[in-house]
Amino acid sequence: MYEHRKHRCCIAFTRRRVNNGFSGAVREQFDFSGMKKFLLYSFFAGATLAGMAGCAQVKKPPAQARAAAVGSRFDQVGLVRLYAGEPCASQIMFDFHGAGSTVWLAAPRSETDILTDAAKKERRVHVLGKWRRGGQSKCSYVEVTSAELTR
């Protein structure tokens, strides 16, 4: 590995020169400032992704009220929203949120105008109606007979 020389000082000098060459090669191969930047950017990217994932909201379907017997009366006050989904019956146009559950509503033209206005303005409504069953199983909704805005 080393050249044999007669003087000790030459051997030590040769040894020092070989070590400097090795550490220089290592320094070039592993750029620590570049590694620091890489780790820093990786940390910020991971923190950003974790923050975005934490803000994401999983949209779960609203709790459907247990349907009463077909033809029984419905009389509640609550908030109404336009139905955002594929209804199990073509008449369903609204979600009614009241008493801790969600009920699907179908309404004739005059009540549809009232319910649509209430949904847009986020106003409470008093809804009267009758329970109906849709064509599919587990598809129950309220056929609105009367709707009026409340305070």
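**Salt bridges and a buried valine in a predicted model**

The structure, a predicted model, holds three salt bridges.

Colleague: In which order do the five strands close into a barrel?

Modeller: The pairing of the strands is mixed. From one strand to the next, the twist averages 55°. The order of the strands in the barrel is S1-S2-S3-S5-S4.

Colleague: Is Val 125 buried or exposed?

Modeller: Val 125 is found in strand S4, and its contacts beyond four places in sequence include Val 77, Phe 96 and Leu 115. A residue counts as buried under 20% relative accessible area. Because the relative accessibility of Val 125 is 0%, Val 125 is buried.

Colleague: How many residues apart are Arg 132 and Glu 143?

Modeller: The side chains of Arg 132 and Glu 143 meet in a salt bridge, at 3.4 Å from N to O. This pair links distant parts of the chain, with Arg 132 in strand S4 and Glu 143 in strand S5.

Colleague: Is Arg 109 buried or exposed?

Modeller: Arg 109 meets Asp 113 in a salt bridge of 3.6 Å, N to O. Exposed means over 50% relative accessible area. Because Arg 109 has 63% relative accessibility, Arg 109 counts as exposed.

Key:
Residues numbered from 1 in each chain as written. Predicted model: local features only at pLDDT ≥ 70, side-chain atom pairs only at ≥ 80, totals over all residues. Heavy atoms only, no water. Pairing = 2+ DSSP bridges. Helix = DSSP H or I, 4+ residues; strand = E, 2+ residues; numbered from the N terminus. Axes fitted to C-alpha atoms, helices over the stretch in contact; angles between N-to-C directions. Buried < 20%, exposed > 50% of the residue type's maximum accessible area, 1.4 Å probe, protein only. Contact = heavy atoms within 4.5 Å. Salt bridge = Lys/Arg side-chain N within 4 Å of Asp/Glu carboxyl O.
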